[in-house]
Amino acid sequence: MPTTCSSAILRNFVSPFDATVVQLLQAAGAQVVGKSNCDEFGMGSLNTYSIYGPVVNPYQAPTSPESWAVRERRSAGGSSGGSAAAVAAGMCDIALATDTGGSIRLPASYCGVVGLKPSYGIVSRWGVVSYADSLDCVGVLARTAQDVKKAFDVLNVYDDKDPTASRPDVRRRASEAVQKSHWNAEDGLTGLRIGVPQEYFPAELLQSTLTPVRRMLENLASRGAAIIPVSLPSTRFALSAYYVISSAEASSNMARYDGIQFGSYVEPPAGTNKAKTSNVYAYTRAAGFGPEVQRRILLGTYALTADAFDNYFLQAQRVRKLVRADFNRVFSVPNVLFSTPSLPSDAGVHVLLHPSTIRTAPRLPLTANQTRCNNEDTLDAYVQDVLTVPASLAGLPAMSIPAGLGEDGWPVGVSIVGQWGCDDMVLEVGSLCAQLPGC
Amino acid sequence: MLARVRTPRRFKQITRYTRLLHAFCVPQNDSRWPEWNVVIGIEVHAQIKSRSKLFSDTWTSDYTLPPNTRVSPYDAAFPGTLPLLNPRCVELGVRTALALNAKIEPRSAFDRKHYFYADLPAGYQITQYYAPLATSGGLRLENREKYVRIKQIQLEQDTGKSTFDSREGISAIDLNRAGTGLMEIVSEPDLRSPEDAGEYVRTLQALVRSIGSSDGNMEQGSLRCDVNVSVNRHGAPHGTRCEIKNLNSVKFMMVAITSEVRRQIDLLESGRAVAQETRGFNEDKAETYSLRSKEDAPDYRYMPDPNLPPLLIDEAYVEKMRNEMPELPDATRARLQALGLSRRDTDVLMEVDSGREVRFDGEVGRGAVAYFDQISQGRDPKVVVNWITHELLGQLAFRRETFSDNHISAEQLGDLIDIVQQGRLTGYVTPGTSGKTLLRHMLDHCSEEMPSKLAEKFSLLAVSSDDSALERWCAEAIAALPQEADAVRRGNDKVINKIVGRVMKSSRGTANAQAVRAILLKMLQ
């Protein structure tokens, strides 16, 4: 089966090896039934940048009078829209996906399913086509938190083929830190401290999305959880930092697609001086990459030029540190990657909870031609990621779970975010939340 | 209690180097360009002699292998692959840094250097741009009494090879070399002449070979040089430098520098300026030519590699590397001379030793010095070195062979030296006698048999002086050469050699010449 990343440049590419995550699932008895659509190389938030066309959200609002086939066409979210849609439509029990800045959580929210982006370094990236290596995480989409956990438990192993994989001793230290966190899933919500970051309710957030989130917080409080307002002041810089870092890494990672060793090759027109490398590559890369990938290559290339490097790339790395420090300040569990092991702080929160997206799934343009241009129905796609990128920058586990329906009758998701290595805690809290009425 | 105050060795070295440093800051007049001062800095790229590549477990290649037979998906930059740092390459890098007296950085990191070229499949080379493996070292040049400061040592990937077939109009790409580890060794601009540069590269080459970090083979491209050259009038600040890329022999490098110095002087003397640029070298014309100007210099868009964690090296690791370090050439030379070897014998031995095989992953190959060391255990080092440099190497040279073709073991040669020294074997006094014959025989017939056994087999063991046969041969010789015998009787001792020769002939070389001489003298008294 080809590995195309929904890109023309890999249209016929068949990888000579399997990803570690695929091997692990198959070894555990899973059957691979297919590969799913996505935004080209994971770059996009609506799964509209794909040689296969956009992914149409399989959801249909209960109030909708039409038949399913002619239902309102909305985006499944991106970039892992195909994985989320396949799970939502019942085509498979679980789907693997990657999440660089929200690519699992966003489609999970839009399609009304559960999506986990694990802590960075917990799941092997060997065999995963890189978009931005310092942010890319492999995660799982499923209809229930239990199904996500089943798959995650198989994938949660150290792989020595991945140089960024967390080593066994770090994993052990993280689980020791969690055990000291004074909260046990068996106690239910009692004693659980949930932080609500005030910066996660930006102006772009639609009111209709807010109602189910508010209802969920009330339910949680009435069942014994402590709801604590917290502040993550660097959040407002996170989106810009994310786009600089991810585009810089993308421009670097996309450099290998030149049609020489593998992938599609476009012959330059007759008479081209082939002695010049750029002349040979330009035609392949111009034809092989879609508009969004080209945009990010240009953006990232600029951010890495000698003149811009300090103001863009280094500045973004500084913001990334601030974002991480924000999170470390609010969690009760210490970050075993950065701090010297300290006792859990009683003032901190166990997890954070916030809306996954700023709205419900946006309407798709009616014709395929319109998917390529900015449409009034399509919000500026980059803003879609504003609530998901901070956890990506900090490498934290984050899971989107369905929280009920918005006023338009479409699914709304909330995200549970935990300290690094607290993936199981995030799964447990998510599972408890999913049992609340209205979810 | 008073402790003996000793200047630490390192301190002594530094003071000595400072003096030398000072010496070459003073303008040196070069008769080729008496008014000019030449400033040269060199970047050496030495391929690390590791079994597998820098970031993959693919075996490294050599030029004999068919193209694209040592390539893994990672080496060809297939999507989904990730780099895994080969610890052997780090060891050899650290070993080199220690040999160059450099500071091993406790934290170094890997960066991506981007440019598009067909033999660079990922579109970037992983190198250590922002935080190199080691800094501030130095290399002493023995013959030129100079100390060249080393700015830094970094690890990086080699590229593949592309060859353009102009007749077919196609480029062929071979990725065997792609991803092989390189050490980039950057000198400070401390060199002042083409000859300085030549000795620097030769010394560095000998050094990396001696510690096994690289085979340093310039013809095969495992050691390449980029040279920065500038000129200035004495007393004036340094001039604008030009970089000459990809010089792959010491000879051509020296020619390239000389030609570049002349070009820059010609420009300046005619009132024009030297433009900062990157230049190539045309070996046929012995000229450098412009590759690109400073304005055209590519922006490599260096970025920390997000896949590779920082390389953390602690003191214990460095100490371990230091302890496992093979003997450096300077130390070997000093040790051999302390054994009483002449400078010439030391040079010959070390020159032959420098040609020893450089094995993978820093395993120290056995060369002429190790051979000498083993044989000279319990034997006179001067006698041993004579046998190796004169007899063995001489015979090998005669056979158009080198030391690496020698199959005579240290035990065998030691045994041979013993039977000769103990006078048990005829030879070593007159040419063409048994010891040498035996050595020749051993070279001709590869065998594990000991020389003492062989000598017995071939009746080459010396006939002892009380042997009646010896006296008979002597009497016969005196009878056959009456005039010479008379001359000896009259006191002309020199003539005795002719009679000794006759006896040796009768004995077919088995007689001990000294014993024969003694018997003859006694008979002719």
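In this predicted model, a polar atom of the side chain of S193(B) lies 3.0 Å from the backbone nitrogen of D196(B). S193(B) itself belongs to the loop that runs between β10 (181-187) and α3 (194-211) of chain B. With a relative accessible area of 6%, S193(B) is buried, because buried means under 20% relative accessible area. When residues up to four places away in sequence are not counted, S193(B) touches D30(B), R32(B), I40(B) and R144(B).

Another residue of chain B, G362(B), lies in the loop between α7 (343-353) and α8 (368-375). G362(B) also counts as buried, here at 4% relative accessibility. Its contacts, again without residues up to four places away in sequence, are with K49(B), L92(B), R95(B) and G212(B).

How are the side chains of S103(A) and S79(A) joined? They are joined by a polar contact of 2.7 Å.

The surroundings of these two serines can be read residue by residue. S79(A) counts as buried at 2% relative accessibility, and its side chain reaches the backbone oxygen of G42(A) at 3.4 Å. If neighbours within four places in sequence are left aside, the residues in contact with S79(A) are N37(A), C38(A), D39(A), G42(A), M43(A), G44(A), N47(A) and S103(A). S103(A), for its part, counts as buried at 5% relative accessibility. With neighbours within four places in sequence left aside, S103(A) is in contact with G42(A), G44(A), G78(A), S79(A), S80(A) and T98(A).

A further serine of chain A, S124(A), is found in the loop between β2 (114-117) and β3 (137-142), and at 3% relative accessibility S124(A) counts as buried. Its side chain is joined to the side chain of D159(A) by a polar contact of 2.5 Å, and to the side chain of T20(A) by a polar contact of 3.5 Å. Not counting residues up to four places away in sequence, S124(A) touches T20(A), V21(A), V138(A), D159(A) and D162(A).

The structure holds five cavities of 30 Å³ or more, and the largest cavity contains about 210 Å³ of space. Which of its 19 lining residues are the closest to its centre? They are Y74(B), D75(B), A77(B), A122(B) and Q157(B). Sorted by class, the lining of the largest cavity consists of ten nonpolar, four polar and five charged residues.

Definitions and conventions
Residues are numbered from 1 along each chain as its sequence is written. Chains are lettered from A and ligands numbered from 1 in the order in which they are written. This is a predicted model: local features need pLDDT of at least 70, side-chain atom pairs count only at pLDDT 80 or more; totals for chains, interfaces and linings use all residues. Side-chain values use heavy atoms; hydrogens and water are left out. On a 1 Å grid over the protein atoms alone, a cavity is a set of points where a 1.4 Å probe fits but cannot get out, and a pocket is an open set with protein on both sides within 12 Å along at least five of seven lines; lining residues have an atom within 4 Å of a point. Grid points are joined across faces, edges and corners, and a volume is the space filled by probe spheres set on the points. Ala, Val, Leu, Ile, Met, Phe, Trp, Tyr, Cys and Pro count as nonpolar, Asp, Glu, Lys and Arg as charged, and the others, Gly among them, as polar. Buried means under 20% relative accessible area, exposed over 50%, partly exposed in between (1.4 Å probe, protein chains only). Contact means heavy atoms within 4.5 Å. A polar contact is a pair of N or O atoms within 3.5 Å; within protein, one must be able to donate a hydrogen and the other to accept it, and residues adjacent in sequence count only if both atoms are side-chain atoms. Helices (H or I, at least four residues) and strands (E, at least two) are DSSP runs, numbered from the N terminus.
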